[in-house]
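Please open the structure in the viewer and keep the selection panel at hand.

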Amino acid sequence: MNGKGKVVCVTGASGYIASWLVKQLLQLGYTVKATVRDPNDPKKTEHLLALDGAKERLQIFKASLLDEGSFDSAVDGCDGVFHTASPVLLSSNDPQADIVDLALKGTLNVLRSCAKVPPIRRVIVTSSMAAVSFNGKHLSPDVMVDETWFSDPAFCEKSKLWYMLGKTLAEEAAWKFLEENRIDMVAINPGMVIGPLLQSQPTLDSSSSVMPVLNLVNGVKIPCKTYRWVDVRDVANAHILRELYPNLNLPEEYTEEKASEPNYQVSKERAQSLGITYIPLEVSLKDTVESLKEKNLINA
Ligand SMILES: NC(=O)c1ccc[n+]([C@@H]2O[C@H](COP(=O)([O-])OP(=O)(O)OC[C@H]3O[C@@H](n4cnc5c(N)ncnc54)[C@H](OP(=O)(O)O)[C@@H]3O)[C@@H](O)[C@H]2O)c1
């Protein structure tokens, strides 16, 4: 793929996933218009500005999800837009405002900016496995969950699954809005994301995507369930880590006594048909730990 001469926008560009996206897009030759909330905060921009190709082809824009029109200049002139910006937050004192509204209204705000400049052909929305399978339907180990398995907003609301609710409403609204405006859309639905961090000073609070991995390698007791970054073999993840890093303070026990069976499978067909070859879990775990070590976030 050659991005030479093409311009794309990445929203929430300083984030864990988006930083890698910007890096890869620059490597492919794209010009990247990257949005962050605070362009004057070096924590959010210095790792992006240091990327290969950034000097020539990276432009930083200030934009905030609920500021109407604040993405206009960033998406103007773009061939495609990658919308990743969204709070990664499971709970809050005001979940409607802090989680649901930001995800849904923020997505529509970005998309309205896209619709103002017709040359935008495609919007890639970073959705989540949170928008899939939280619908109360019966799950069993032989069920294959794929893109037909949308989460049900009413179920999420009743179950107080605010992050799932926000991601589901945002993806649903994006499909509708972009279809009405004849813009091509792709939704990406990752499970739990692990891997090395590009940010030199990553945010480490309850909204950080890095916290689940940091908690794991810092010995915090975690629920013993199947995480979606891995299939059935993820029961082995702590063992793999221990083998590679014998000095890590891994949890000795889980919050439950008995390991639960993976209760469904996730279809990889779509991604594989696009030529995605998955990085083996062992490599992801190793690279994650190495990256945390480099940043002095853990001793291993
Ligand atoms: N990490 C995972 O395991 C995972 C799994 C599935 C899906 N996802 C999805 O992937 C996307 C990126 O997540 P991530 O893991 O990379 O999280 P992250 O590192 O926390 O990045 C989230 C980004 O959203 C931006 N953002 C948050 N609130 C905003 C607001 N009010 N206005 C503008 N920007 C705002 C942040 O911008 P600033 O830097 O300017 O604060 C940040 O760059 C999200 O849509 C998330 O739901 C993540």
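A crossing of two helices is called right-handed if the near helix is turned clockwise from the far one by less than a right angle, and left-handed if anticlockwise. The model on display is predicted.

Begin by selecting helix α5, residues 95-116, together with helix α7, residues 162-180. The crossing of this pair is right-handed. The axes of α5 and α7 lie 8 Å apart, and the packing angle is about 20°. Because angles under 35 degrees count as roughly parallel, α5 and α7 are roughly parallel to each other.

Next, display the side chains at the contact. On α5, select P95, I99, V100, A103, L104, T107, L108, L111, R112 and A115. On α7, the residues making the contact include W162, Y163, L165, G166, K167, L169 and F177. Colouring the contact by class shows 17 nonpolar, 2 polar and 2 charged residues.

Where does the tour lead from here? The next stop is the largest cavity, which holds about 60 Å³ of space. The count of cavities of 30 Å³ or more comes to 1. To see the lining, select H83, T84, A85, S86, A103, T107, V125, T126, S127, K167, A170 and E171.

Which elements each supply at least two residues of this lining? They are α5, β5 (122-126) and α7. The largest share, 3 residues, comes from α7. Coloured by class, the lining has 4 nonpolar, 6 polar and 2 charged residues.

Methods
Residues are numbered from 1 along each chain as its sequence is written. This is a predicted model: local features need pLDDT of at least 70, side-chain atom pairs count only at pLDDT 80 or more; totals for chains, interfaces and linings use all residues. Side-chain values use heavy atoms; hydrogens and water are left out. Axes are lines fitted to C-alpha atoms, for helices over the stretch in contact, and angles run from 0 to 180 degrees between N-to-C directions. Helices (H or I, at least four residues) and strands (E, at least two) are DSSP runs, numbered from the N terminus. Angles under 35 degrees count as roughly parallel, over 145 as roughly antiparallel, 65 to 115 as roughly perpendicular and the rest as oblique. Contact means heavy atoms within 4.5 Å. Ala, Val, Leu, Ile, Met, Phe, Trp, Tyr, Cys and Pro count as nonpolar, Asp, Glu, Lys and Arg as charged, and the others, Gly among them, as polar. On a 1 Å grid over the protein atoms alone, a cavity is a set of points where a 1.4 Å probe fits but cannot get out, and a pocket is an open set with protein on both sides within 12 Å along at least five of seven lines; lining residues have an atom within 4 Å of a point. Grid points are joined across faces, edges and corners, and a volume is the space filled by probe spheres set on the points.
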